[in-house]
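Hi,

Here is the structure I promised to pass on. Please have it open while you read the notes under it.

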Amino acid sequence: MYWNSVMAFYNYYFYFLLFILISYIPLIFLSEKFMKKRDPINIKNSIFIWNISLGIYSAYCVRNITLPLLRNDLFLYKDSICTDIIASNNIILAKWRFYFVMSKFPEMIDTAWIIMRKKKLTLLHVWHHFSVCLYCWIIVYSTYYNEGGHGTYFAAMNSFIHMLMYSYYAIVTKTSFRSNLIAKLITTLQIIQMMCGLLIHLYKSFNCNCNYMIEV
């Protein structure tokens, strides 16, 4: 089973990944202290490459996770949340969902760009990266032990938003184009997808109608 190899990977690197996660916030304070008496670093080209790379990567996630989920006409909405039947019938989607979860760790580098340029680091930004990484990790284990497909929905939403977000950031990095409307829209979509993801997760966890399995 593909999930067995995925869980073997997570279990083997559990403490390493946990170390990255719990080091995130302390490293923020240490990095800000380090940069306090230093000039901002010009890393525009590096940020552009970073943003365009994540934009392309997110587009592949949309192609392999979001679109197959939207095109699903074989399984009921309830079944696709209560069980992992869609990923079980689509190995490419299952693999890209794993890649999606793993990408949440390197995405924390977004925070380093802000600190190195001495831009304002918001609480929302810090909370977003920390909570999404933790939430994806929770979904991995809850999906494996409780046979849920709820994580697929979160990955589908987040991939689409990140495709828009990193593409916009790449444009902003290389041009003078700025749009408060687009920036606010991206932030709003991030908040909405977190709320939707949590609601779907709660539906799966506490809905007694989800206590069944589907043979695949």
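This is a predicted model: local features need pLDDT of at least 70, side-chain atom pairs count only at pLDDT 80 or more; totals for chains, interfaces and linings use all residues.

Salt bridges. A search of the whole structure finds two. One joins the side chains of Arg97 and Asp84, at 2.7 Å from N to O. This pair links distant parts of the chain, 13 residues apart. Arg97 sits in helix α6 (residues 91-103), while Asp84 is in the loop between α4 (77-82) and α5 (85-88). Both Arg97 and Asp84 are buried.

The side chains of Lys104 and Glu107 also meet in a salt bridge, with an N to O distance of 3.1 Å. Lys104 has a relative accessible area of 2%, so Lys104 is buried. Glu107 is at 4% relative accessibility and therefore counts as buried. The cut-off for buried is under 20%.

Helix packing. α2 (14-35) packs with helix α7 (residues 109-116). The angle is about 20 degrees, and the axes are 10 Å apart. Angles under 35 degrees count as roughly parallel, so α2 and α7 are roughly parallel to each other. The crossing of α2 and α7 is right-handed.

Surface patch. Tyr12, Tyr13 and Phe16 form a nonpolar patch on the surface. Together they have about 390 Å² of accessible area. Tyr13 lies in the loop between α1 (2-12) and α2 (14-35). Is Tyr13 buried or partly exposed? Its relative accessibility is 35%, so Tyr13 counts as partly exposed.

Best wishes

Key: Residues are numbered from 1 along each chain as its sequence is written. Side-chain values use heavy atoms; hydrogens and water are left out. Patches are made of residues with over 30% relative accessible area and no salt bridge: like charges are joined within 9 Å, nonpolar side chains (Val, Leu, Ile, Met, Phe, Trp, Tyr) within 5 Å. Accessible areas come from the Shrake-Rupley method with a 1.4 Å probe; for residues, only the protein chains shown count as cover. A salt bridge is a side-chain nitrogen of Lys or Arg within 4 Å of a carboxyl oxygen of Asp or Glu. Helices (H or I, at least four residues) and strands (E, at least two) are DSSP runs, numbered from the N terminus. Buried means under 20% relative accessible area, exposed over 50%, partly exposed in between (1.4 Å probe, protein chains only). Axes are lines fitted to C-alpha atoms, for helices over the stretch in contact, and angles run from 0 to 180 degrees between N-to-C directions. Angles under 35 degrees count as roughly parallel, over 145 as roughly antiparallel, 65 to 115 as roughly perpendicular and the rest as oblique. A crossing is left-handed if the near helix is turned anticlockwise from the far one by less than a right angle, and right-handed if clockwise.
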